[in-house]
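Colleague: I would like to go through this model term by term. Please tell me what stands behind each label.

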Amino acid sequence: MPIQQKNVFPFLLVGLPVGLLVLGIGSMLYTELLDTTPAGHADDEARERTRGFAQLLRKPVNADDLKRYVTLLSEDIGERNMQKSGALESAALLIESSMGPSNMGYKIQRQVYEAGDGEVRNVVAELKGRSKPEEIVVIGAHYDSAVGALGKIDNATGVAALLSLANAFVATENERTLRFVGFVNGEAPYFQTKDMGSLVYAEDCKAKRENIVAMIALDSLGVSVDQFGTKRMPQKMLEGREDAGEFVFFGGNAASNDLVNSARAAFVSSPNFTVMTKGKSEPVADYEASDHWSLWRNDYPAIVVTDLFPLSNSKFQVEAGHVDYGRLEKLAIGLTAVVESLVNPE
C-alpha cells in the first residue's frame, strides 16, 4: 500500500544512511559556499575546508543503493501519480531528502505548479559550474508511475540512476553547471501536455534564457534479459552486427546528433552491451516518449537513455519485469563517464 505523507519522515530516516545525516551539517555549509560566486582570497581557505568535508558525502554508483531506491519507490511508496497524491508527495520528498542538505548536501529547489485539481512539483538539485556556470547540463528522470502501476521499471530505475549519479558528483568541481531534476507527471494523461513536469521545466528555462547545452532523460533501465529472453533488435538496426540483445539505447533527434555521438563515445560500456544510437542518419523515427521531448520542444539538445524501448522486438508487460541490478549498476557507471565528459568538455 502507498504510504501517506504524514508517514514519510520516519520511513526516510530508516531508509537512508544514518551516517550521511550526521555529515549533513558540513554539507550545508559547503552548498552555501558552492552557490556563491568565487570571492577573494579571504574565502579560499574556508571554501577548501568545507569542500574537503563535503567530499566525504560522495559515494560511487553501486548496486545496493540502486536496489534500495527502486524498492523504496516501487514497493514501499508504490503507485504514485495524481490519483495517488499522498504517494506522489512521498516520492517527491524521498528525492528531496536523498539529494538535500541532510544527505548528499545539495540545495533543493522546488518548482511548484498547478496541474489538474492539485499542486505538484519538480525537484531540482544544482551544482554550480566554476569556469562556465552559464552552460548547464541537466540529468532528469520522471518519478511518477502510470495509473494502476507500481512503476518499478518505468521509472523507479531511472530515478535510482538519477540519485546515484547525483551522489557520485557530490562536491566535485566542474566547468559547467550540473543539475539533477526529478520530473513529475511524465506519464499519461499528462505526457506531452502543458501539465507535464519536464515541459513546465523546459519552458521556464527558455523563458529565463538559460543555456542548457545538454540534457539526458533516464527512463526504464536495467531490465532483466533473462526473464524474457534476448531482446533482439529489428533487422534494420542490426547493420551487420550479431545479436544485440544486451543493448542500451541513446536516442536523440537531428538537432541532438552531436550529443548522441559524444555520449556514446564517453560511455564506459560492459562487453555485454551494444550501444544503439539514433542520430540524423539512422533509420529509426525520432523517439519522443520520455522527458527529452520537452527539451526538444524548447530548442535544447537532449537525448533519452533506456534499455527497454523503442527497439526491442520482445513483447511483455513492463510492470511484470524484473530489474537486473548488476546490469543497472554497469549502466549507471557508464553514465557517470558521460556526465563527466559533458560537464568538463575538452
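Modeller: What follows is a set of questions about labels, each answered with a value and a cut-off.

Modeller: This is a predicted model, where local features need pLDDT of at least 70, side-chain atom pairs count only at pLDDT 80 or more, and totals for chains, interfaces and linings use all residues. Residues are numbered from 1 along each chain as its sequence is written, and side-chain values use heavy atoms, with hydrogens and water left out.

Colleague: How many helices and strands does the protein have?

Modeller: The count is 12 helices and 8 strands. Helices (H or I, at least four residues) and strands (E, at least two) are DSSP runs, numbered from the N terminus.

Colleague: What makes Asn81 count as buried?

Modeller: Its relative accessibility is 6%. Buried means under 20% relative accessible area, exposed over 50%, and partly exposed in between (1.4 Å probe, protein chains only). At 6%, Asn81 is therefore buried. Asn81 sits in the loop between helix H4 (63-77) and helix H5 (85-99). Of the 346 residues of the protein, 58% count as buried.

Colleague: Which residues are in contact with Asn81, leaving aside neighbours within four places in sequence?

Modeller: Leu88, Ser145, Ala146 and Val147. Contact means heavy atoms within 4.5 Å. Val147 is 66 residues from Asn81 in sequence, yet the two are 6.8 Å apart in space, C-alpha to C-alpha.

Colleague: What joins the side chains of Asn81 and Glu79?

Modeller: A polar contact of 3.1 Å. The term needs a pair of N or O atoms within 3.5 Å; within protein, one must be able to donate a hydrogen and the other to accept it, and residues adjacent in sequence count only if both atoms are side-chain atoms. A polar atom of the Asn81 side chain also lies 3.4 Å from the backbone oxygen of Ala146.

Colleague: Is Thr177 buried or exposed?

Modeller: Buried, because its relative accessibility is 1%. Thr177 is in strand S4 (residues 176-183). Its side chain reaches the backbone nitrogen of Gly129 at 3.0 Å. Not counting residues up to four places away in sequence, Thr177 touches a set of residues including Lys128, Gly129 and Pro133.

Colleague: Why is H5 called roughly parallel to H6?

Modeller: Two packed helices are described by the angle between their axes and the distance between the axes. H5 and H6 pack at about 20°, with their axes 10 Å apart. That angle makes H5 roughly parallel to H6. Angles under 35 degrees count as roughly parallel, over 145 as roughly antiparallel, 65 to 115 as roughly perpendicular and the rest as oblique. Axes are lines fitted to C-alpha atoms, for helices over the stretch in contact, and angles run from 0 to 180 degrees between N-to-C directions.

Colleague: Which residues meet there?

Modeller: Ile95, Ser98 and Met99 in H5 meet Val159, Leu163 and Ala166 in H6.

Colleague: What makes H4 roughly perpendicular to H12?

Modeller: The axes of H4 and helix H12 (residues 325-343) cross at roughly 110° and come within 9 Å. That angle is why H4 counts as roughly perpendicular to H12. Ala63, Leu66, Lys67 and Val70 of H4 make the contact with Tyr325, Leu328, Glu329 and Ala332 of H12.

Colleague: How many residues are in the largest nonpolar core?

Modeller: It has 71 residues. A nonpolar core is a set of buried Ala, Val, Leu, Ile, Met, Phe, Trp, Tyr and Cys residues joined through side-chain atoms within 4.5 Å. Among those with the most contacts inside this core are Met99, Tyr106 and Phe180. Helix H6 (residues 152-168) gives the most to this core, with 10 residues. A second, separate core of 20 residues includes Tyr201, Ala202, Met215 and Ala302.
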